[in-house]
Amino acid sequence: METNSEYSSDDVINNLLDSNKPFNPHFLHFFSDMSIDDLDKIKSIWSEVNSDRKYNLLRNLESLIETNTLVSCDEIGYFALQDDDPRIRSQAIPLLWECSDIKLISIFINFLQNDSDIEVNASAAAALGKFVLLGELEEIPEESAKMVQDLLFSEYLKTENDSTNQRILESLGYSSNKKVNQFISSALKKDDKNWHLSALFAISRSANNLWEKVVVEKLTDLDPDIQIEAIKAAGELEIEAAKEQIIEFMKSSTPDEDLHMQAIWALSKIGGNDIKELFEDMIEESEDDEKTDKLEMAMDNLDLTNGMPSLGLFGQS
């Protein structure tokens, strides 16, 4: 990972303030694991930075976090939560996805219930899903876990905005509470693609084989977005009955299509010696380094899958 010693904080600040020049992507690493002094310097000039530039900075930091597990932007994320611009507040939330500080619970609850901006409400609802999961895994205090789930159930029943409610449903996907099954079933009955996508996302988090038939049926949906979400869910739930259809998706798509990579990754989660042989043949035949790297990553995950028993996390029924 690039180190901050290769440039000074003044270099970063001057570039950030100069809206006539693109922000240097090398400077993004400056915002990882920031020192108190560096954060204070950013705070001192933050109000002078163009709002679009702030927003794009936070988006680029989110992308960096997704591709580099060594990057942590908690400090700038916490600070940006206080911004007057709702776009900035909303975009700051994903920077804290890896942060398990339970102090965030009250912040996100406040954003969900009281922020005047719908995007902030929805982002906060999505972020609370992490604490539902941590509660199910007993990695946060029981009272904190209960507070999060109680709040999400309450808000789901009274919130009128669909986008926010869809994010709540997705967050509750981690919950072992049987009421979530009713919410998912209701979402699947709606004549609305976005509700179906959210239902499948929640299903993928449920560790519940109750949904196997639904997922397999959705694999043949005419909408490619629904198909991809069903593929992801089939992988997460390790649905053996979906394997043949997903192999067909992989063979009939090109490597640059999202569906192709999602199919490969789902198969690596479902597992089986037949998939191992398939991946080995594909790696041997591949003439594209990037494709080979992705296949080898999937093979590593497949080896992990094949070496572990198939277990549900929460035992829902």
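Let's start with Cys 73: this residue counts as buried, because its relative accessibility is 1%. Here buried means under 20% relative accessible area, exposed means over 50%, and partly exposed lies in between (1.4 Å probe, protein chains only). Keep in mind that this is a predicted model, where local features need pLDDT of at least 70, side-chain atom pairs count only at pLDDT 80 or more, and totals for chains, interfaces and linings use all residues. Residues are numbered from 1 along each chain as its sequence is written, and side-chain values use heavy atoms, with hydrogens and water left out.

**Cysteines**

A disulfide is a covalent bond between the sulfur atoms of two cysteines. In practice, the search looks for a pair of cysteine sulfur atoms within 2.5 Å, and over the whole structure it turns up 0 disulfides. Cys 73 is in no disulfide, and the nearest cysteine sulfur to it belongs to Cys 99, 12 Å away. Cys 99 is in no disulfide either, with the sulfur of Cys 73 as its nearest cysteine sulfur at 12 Å. Cys 99 counts as buried because its relative accessibility is 9%.

**Salt bridges**

Side chains of opposite charge can pair when their charged atoms come close. For a salt bridge, a side-chain nitrogen of Lys or Arg must be within 4 Å of a carboxyl oxygen of Asp or Glu. How many salt bridges does a search of the whole structure find? The count is 14. Here are some of them:

| Salt bridge | N to O distance |
|---|---|
| Asp 85 and Arg 87 | 3.9 Å |
| Lys 193 and Asp 223 | 3.2 Å |
| Glu 240 and Lys 243 | 2.9 Å |

Asp 85 and Arg 87 also belong to a network of salt bridges together with Asp 52. Asp 85 is buried because its relative accessible area is 18%, whereas Arg 87, at 33%, is partly exposed.

Now for Lys 193 and Asp 223, whose side chains meet in a salt bridge. This pair links distant parts of the chain, 30 residues apart: Lys 193 is in helix H12, while Asp 223 is in the loop between H13 and helix H14 (224-236). Helices are DSSP runs (H or I, at least four residues), numbered from the N terminus. Lys 193 has 35% relative accessibility, so it counts as partly exposed. Asp 223 is partly exposed too, with a relative accessible area of 22%.

As for Lys 243, its relative accessible area is 7%, so this residue is buried.

Most residues other than glycine have a negative phi. Glu 138 isn't a glycine, yet its phi is positive, at about 60°. You'll find Glu 138 in the loop between helix H8 (129-136) and helix H9 (142-158), and it is exposed because its relative accessible area is 71%.

Ala 207 isn't a glycine either, and has a positive phi of about 50°. Its place is the loop between helix H12 (193-205) and helix H13 (212-218). With a relative accessible area of 24%, Ala 207 is partly exposed.

Back in helix H8 sits Glu 136, which counts as buried because its relative accessibility is 18%. From C-alpha to C-alpha, Glu 136 and Ala 230 are 24 Å apart in space, and 94 residues separate them in sequence.

Conventions: Helices (H or I, at least four residues) and strands (E, at least two) are DSSP runs, numbered from the N terminus.
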